[in-house]
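Let's walk through this fold together, one packing arrangement after another. Keep the sequence and the model side by side as you read.

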Amino acid sequence: MPADSVDSILKQWKQARPDLDCSVMGVVGRLQRTSKIWETKLDRVFKDHGLSRIEFDILATIRRSNPAGITPTELYKTLMLSSGAVSTRLEQLVKEGAVQRLSSEHDRRSCKVILTAEGKALIDTALDAHVANMTHMLTRLTAQEQGQLADLLRKVLVHEENEPEQ
């Protein structure tokens, strides 16, 4: 297997600190470097469709949620963003005609957010390109390897999401 940029770092540490097992740096370092490279590739697709990452996430969340709409509170909790960040982006998406706010019949303070026909077409087109992009990003792995990687990352993520902060 060819060497990557992390291999040279590990080699340097082995020379500088032969007493210390730095192999964990190989895993974390590769995850970090891959993440940065992939973020750039993902953002390029969003930009090609006139969207930021947050706008894509908002539209995608609305698209996969209840067809009757989702409240702004449900949206920001699902996205793990501040209510202000979601509110600002929602307002922009309303102005652009991608989403619409529907006032509640039962509570004037509440509303649901739905996609407009234009918003649905936009997210569906962007989503098709996003999935194709991610598929291309993983072409170096077989389907079995992709499944193994997903399982291993799930194991780490479940632990991280449930571990109290230190």
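The axes of helix α1 (residues 5-16) and α2 come within 10 Å of each other and cross at roughly 145 degrees. Axes here are lines fitted to C-alpha atoms, for helices over the stretch in contact, and angles run from 0 to 180 degrees between N-to-C directions. Helices and strands are DSSP runs numbered from the N terminus (helices H or I, at least four residues; strands E, at least two). From α1, the residues Ser5, Val6, Asp7, Ile9, Leu10 and Trp13 meet Met25, Gly26, Gly29, Arg30 and Arg33 of α2, where contact means heavy atoms within 4.5 Å.

A word on the model itself: it is predicted, so local features need pLDDT of at least 70 and side-chain atom pairs count only at pLDDT 80 or more, while totals for chains, interfaces and linings use all residues. Residues are numbered from 1 along each chain as its sequence is written, and side-chain values use heavy atoms, with hydrogens and water left out.

Now turn to helix α5, residues 83-95. Its end C-alpha atoms lie 18 Å apart, which agrees with the 18 Å that its 13 residues should span at 1.5 Å a residue; the expected span is 1.5 Å times one less than the number of residues. Which residues of α5 are buried? They are Val86, Leu90 and Leu93. Seen down the axis of α5, these buried residues fall within an arc of 60 degrees, so they line one face of the helix; the arc is that of the directions from the helix axis to the C-beta atoms. Thr88 and Lys95, on the other side of α5, are exposed. Buried means under 20% relative accessible area, exposed over 50%, and partly exposed in between (1.4 Å probe, protein chains only).

What does the buried face pack against? The buried residues of α5 pack against α3 (53-64), α4 (72-79), β1 (99-103) and β2 (111-115). Just after α5, glycine 97 takes a positive phi of about 85 degrees.

Next comes the largest nonpolar core, with 21 residues. Such a core is a set of buried Ala, Val, Leu, Ile, Met, Phe, Trp, Tyr and Cys residues joined through side-chain atoms within 4.5 Å. Among those with the most contacts inside this core are Phe56, Leu90 and Val99. Helix α3 gives the most to this core, with five residues.

Finally, look at histidine 130 in helix α6. Histidine 130 is buried, with a relative accessible area of 10%. Leaving out residues up to four places away in sequence, histidine 130 touches Leu42, Val45, Phe46 and Phe56.
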